[in-house]
Amino acid sequence: MSLTELRISNFRNIQTAQIALHPKLNIIEGLNGSGKTSFLEALYLLATGHSFRAREHQTLIHFEAAALTLFAQNTGGDRISLQKDNTGHTLAKINQEACLTRSQLAHLTPCQVFYQDIFAIIDAGPQVRRHMLDWGVFHVEHTYVTLWRDYRRTLKQRNALLKQQPTKTQLKPWNHALSELAHDIDKARVNFCNMWDEAWQEALSALGAVHCHMEYQRGWDKKNEYASLEACLDANYAR
Ligand SMILES: Nc1ncnc2c1ncn2[C@@H]1O[C@H](COP(=O)(O)OP(=O)(O)O)[C@@H](O)[C@H]1O
Ligand SMILES: [Mg+2]
């Protein structure tokens with residue numbers, strides 16, 4: 001889904017702006033300091049609830065104003081708004097109704113920033129790639145967010161149990177639960193990567209004879225020794 005319109009009020013140096021957006025491509029040009037990055041930052045704030053370049057909300061609000069407001073409309077006709085005031089309070093609404101989770105915003109406004117640290121995808125640790133991958137799966141597979149949250153919760157609880165040096169029998173149900181969730185996550189990631197690769201190959205073929213492949217590898221059991229994560233976790237306990 002793309003945005004068709006963005007209205008900005010008191011965001012950084014932009015006091016008021018109303019911009020009609022093309023659903024496919026928009027090119028923003030302007031003098032240094034005119035607010036190009038601020039415009040992108042406003043879009044990102046609306047999509048995610050936070051900024052990609054500032055931690056403090058005050059810096060986002062125009063220095064003569066008490067609050068900033070963003071409003072957008074997408075191709076599906078949804079109206080999304082976000083207001084942030086200088087006490088730190090944020091109010092986001094979708095079609096006039098309060099929006100309580102960031103994932104609701106993210107669903108309506110899929111947004112990926114290619115910032116100067118984009119090369120981290122290649123040269124930083126696996127968590128950066130995992131984050132990008134999960135962002136993609138989240139937008140394709142709408143049940144993914146629940147699955148991912150359940151996985152994190154189970155992992156946390158299993159880690160807490162591990163600190164108490166459990167017996168194998170005590171640990172077994174947690175290995176089982178974690179493994180079930182991990183396999184579902186893995187399956188969703190594999191599906192997404194296949195779709196991604198298809199689009200990627202199509203984009204590459206438009207560039208000519210460039211051969212470049214992406215491959216997804218799940219994190220556990222690189223040697224393919226185990227039938228499941230559960231078997232792998234059980235075996236690790238024995239060690
Ligand atoms: N809270 C704020 N209130 C008013 N102006 C701001 C605020 N924060 C930043 N600015 C100014 O807004 C301008 C916007 O910069 P930026 O968006 O980075 O421009 P560009 O990307 O076009 O070079 C800068 O000159 C900056 O000093
Ligand atoms: Mg800039």
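Where is K24, in terms of the strand and the helix on either side of it? K24 sits in the loop that runs between strand 2 (14-20) and helix 1 (36-48). Keep in mind as you look around that this is a predicted model.

Is K24 buried or exposed? With a relative accessible area of 75%, K24 is exposed, because anything over 50% gets that label. Now find T4 as well: K24 and T4 are 20 residues apart along the chain, and their C-alpha atoms are separated by 9.8 Å.

## The whole protein

Let's zoom out. The protein has 7 helices and 6 strands. The C-alpha atoms fill a box of roughly 65 × 50 × 30 Å, taken along the principal axes.

How much of the protein counts as buried? Of its 239 residues, 34% do. The protein exposes about 15500 Å², and carbon and sulfur atoms supply 54% of that area. There's also something to say about contacts along the chain: among those between residues at least 6 apart in sequence, 54% join residues at least 24 apart.

In soluble globular proteins, nonpolar side chains tend to be buried together. Here, the largest nonpolar core has 23 residues, and the members that touch the most other members are I8, F11, L68 and L70. Which elements give two or more residues to this core? They are strand 1 (3-11), helix 1, strand 3 (67-74), strand 4 (79-85), strand 5 (90-94) and helix 2 (102-108).

Leaving aside neighbours within four places in sequence, I8 is in contact with several residues, including I14, A17, I19, F39, A42 and L70. Q15, T16 and T69 are also among the contacts of I8.

A second, separate core is made of 20 residues, and L133, Y144, I185 and W220 are among them.

## Around ligand 1

Next stop: the ligand. There are 15 residues around ligand 1, and those that come nearest are G33, K36, T37, S38 and I61. By type, the residues of this shell divide into 3 nonpolar, 9 polar and 3 charged.

| Residue | Atom of the residue | Atom of ligand 1 | Distance |
|---|---|---|---|
| G35 | backbone N or O | oxygen | 3.0 Å |
| S38 | polar side-chain atom | oxygen | 2.5 Å |
| F63 | backbone N or O | nitrogen | 3.1 Å |

How much of ligand 1 does the protein cover? On its own, ligand 1 has 580 Å² of accessible area, and the protein covers 71% of this.

## A few residues in the helices

Now look at T154, which is found in helix 5 (residues 144-163). T154 counts as buried because its relative accessibility is 10%, and the cut-off is under 20%. A polar atom of the T154 side chain lies 2.7 Å from the backbone oxygen of D150. Not counting residues up to four places away in sequence, T154 touches W174, A177, L178 and L181.

G136 lies in another helix, helix 4 (residues 126-140). At 4% relative accessibility, G136 also counts as buried. What is the distance in space from G136 to F192, C-alpha to C-alpha? The answer is 7.3 Å, although G136 and F192 are 56 residues apart in sequence.

## Two asparagines with a positive phi

Let's finish with a backbone angle. Phi of N10 is near 60°, which is a positive value in a residue other than glycine. Phi of N224 is near 60° too, again positive in a residue other than glycine.

Where do you find these two? N10 lies in strand 1, whereas N224 is in the loop between helix 6 (168-206) and helix 7 (229-238). Is N10 buried or exposed? N10 is buried, because its relative accessible area of 18% falls under the 20% limit. N224, on the other hand, is exposed, with a relative accessible area of 60%.

Notes
Residues are numbered from 1 along each chain as its sequence is written. Chains are lettered from A and ligands numbered from 1 in the order in which they are written. This is a predicted model: local features need pLDDT of at least 70, side-chain atom pairs count only at pLDDT 80 or more; totals for chains, interfaces and linings use all residues. Side-chain values use heavy atoms; hydrogens and water are left out. Helices (H or I, at least four residues) and strands (E, at least two) are DSSP runs, numbered from the N terminus. Buried means under 20% relative accessible area, exposed over 50%, partly exposed in between (1.4 Å probe, protein chains only). A polar contact is a pair of N or O atoms within 3.5 Å; within protein, one must be able to donate a hydrogen and the other to accept it, and residues adjacent in sequence count only if both atoms are side-chain atoms. Contact means heavy atoms within 4.5 Å. A residue is near a molecule or strand if one of its heavy atoms lies within 4 Å of it. Accessible areas come from the Shrake-Rupley method with a 1.4 Å probe; for residues, only the protein chains shown count as cover. Ala, Val, Leu, Ile, Met, Phe, Trp, Tyr, Cys and Pro count as nonpolar, Asp, Glu, Lys and Arg as charged, and the others, Gly among them, as polar. A nonpolar core is a set of buried Ala, Val, Leu, Ile, Met, Phe, Trp, Tyr and Cys residues joined through side-chain atoms within 4.5 Å.
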